[in-house]
Amino acid sequence: MEFSLTEQRPTRVRWQILAILSLIMVVTAFGRLNLGIAGKSIQDEFHLSSQAMGWIFGAFAFGYALFQVPSGWAADRFGPRKTLTLAILWWATLTMVMNLVPYFALRLSFSLAWTFGVVRFLTGLGEAASYPNANRMVAFWTAKRERGIGSSLLLGGVGAGGVMAPALFAISMQRWGWQSSFFVSGILAIIVAVVWFTFSTDRPEEHPRVNSDELEILEADKRVRNGTPRASVKTPWRKILSNRSVWALLVSYFFHGYTPFIYFAWFFIYLTRVRGLTVAKGGFWGTTPFIAMTLMSPIGGWLSDKAVEHVGTRRGRQSTVWIGMTLSALLLWLGSRTVNNVGAILLLAGAAGFSNFAAPSWWAACIDLAPNHSGSLSALMNTCANSAGGIAPVLTAYIATKFGWTRALDFAALMSFTAGLVWIFVDASNSVEKPAKDYVATEPFFISDAIKEQRL
């Protein structure tokens, strides 16, 4: 086969876009973790109870959950480039405002705990745009066979942020106090927002450095020929919410969302107060769950895509979730009962890793089920997860105070196992955008998903 001298190789701009999105996820992890790391110093300085800290931790998740759907709709309507830029600037500013909370609370005679909580709530509103907008970008900037790995890079960015945050903030806090963790988080986020706005476009066909061969890989030319609108004014909520797989996806991600917030909010404090580690050692060992998240996310995304190729979309996504969440629950249960600190920490880190191993399948399933409205569906799904995330810090503090940390982690293990179990009812191949005539509803049960998809 002969090639023209003028033929070009496909550009790889999509991977550059995904790299910037991963960097955004890194700074969003900083925005979540800064309070978890600074929390011990804040709690000691202002004599806040564990229950009060639980509510402050949870306030972020409640704000995050509340604004998921509006930010996902904005991604579908106005495009993720502008929406995500404005959102990052918003939460970066509110993050730095945390340093002024004691001053304003004293001057205005406000409750310090409530003021911290309100600012964290507003910070969560801004960060809510991160995942829905990022997953909207994955929908258009990856080929169908790359959805799992594309989604996994976002989750890997969160893990990488978790790896860097404890060491970064522990060093800055020792030199400049707990306020530095919020200042550093805000400044880095603003820098990343400028990079994002400068180099990104909503769709690959709009990017000046994407050539025709890369557009063909991404099937962008097919979307143009089929008249896919650049921005969908109206999200088909009735069709989305009448799909049984969508409901199962939402419920399962609610259960999945509980445990990660324990790592974000309580893990560093758990290591220093319960396991007796110093701040320095807590900063070191506190990175282990996030190292596991970073390593396991791309493995889970890659395996999810490979499983889809071999056994079809439904079984492929399901199998990855079942493996990840079952092992995550088991390791949480074992870690809560292990006396040796190193052994317990490694088991709990492994639980976080396998949870992230499974997570890309949820985000890829949003694109499978609603490719042109993945921002809205991703937002709705993440609302459920972060509703559980808002409950997790508060309920964990209550269970740990009343019954001990072993029981608190046992409950988290039960939530993780349930998240995987609900996937029995998720069929990611049952797209809400597929015409009714395309469904294979009458095939015998022994016809595999892969064969059904080939027929479609």
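**A walk through an all-helix model, starting from the inside**

The largest cavity has a volume of about 210 Å³. Of the 18 residues lining this largest cavity, Arg32, Tyr131, Tyr253, Pro260 and Phe264 come closest to its centre. Keep in mind that we're looking at a predicted model.

What sort of residues make up the lining of the largest cavity, by class? Sorted that way, 12 are nonpolar, 5 are polar and 1 is charged. Several helices contribute to the lining of the largest cavity: helix H8 (147–176), helix H13 (244–256), helix H14 (260–265), helix H19 (341–369) and helix H20 (374–403) each put in at least two residues.

Now step back to the whole chain. Its secondary structure comes to 22 helices and 0 strands. The C-alpha trace spans about 70 × 45 × 45 Å along its principal axes. How does the radius of gyration fit with a compact globule? For 456 residues, such a globule would have a value near 23 Å, and the protein chain has 22 Å, so the two agree.

Next, the charged contacts. The structure holds 8 salt bridges. One of them joins the side chains of Asp305 and Arg317, at 3.3 Å from N to O. This pair links distant parts of the chain, with Asp305 in helix H17 (residues 288–311) and Arg317 in helix H18 (residues 313–337), 12 residues apart.

To find Phe110, go to the loop between helix H5 (101–108) and helix H6 (112–127).

Note on methods
Residues are numbered from 1 along each chain as its sequence is written. This is a predicted model: local features need pLDDT of at least 70, side-chain atom pairs count only at pLDDT 80 or more; totals for chains, interfaces and linings use all residues. Side-chain values use heavy atoms; hydrogens and water are left out. Helices (H or I, at least four residues) and strands (E, at least two) are DSSP runs, numbered from the N terminus. On a 1 Å grid over the protein atoms alone, a cavity is a set of points where a 1.4 Å probe fits but cannot get out, and a pocket is an open set with protein on both sides within 12 Å along at least five of seven lines; lining residues have an atom within 4 Å of a point. Grid points are joined across faces, edges and corners, and a volume is the space filled by probe spheres set on the points. Ala, Val, Leu, Ile, Met, Phe, Trp, Tyr, Cys and Pro count as nonpolar, Asp, Glu, Lys and Arg as charged, and the others, Gly among them, as polar. The radius of gyration is taken over C-alpha atoms; the globule rule is 2.2 Å times the number of residues to the power 0.38. A salt bridge is a side-chain nitrogen of Lys or Arg within 4 Å of a carboxyl oxygen of Asp or Glu.
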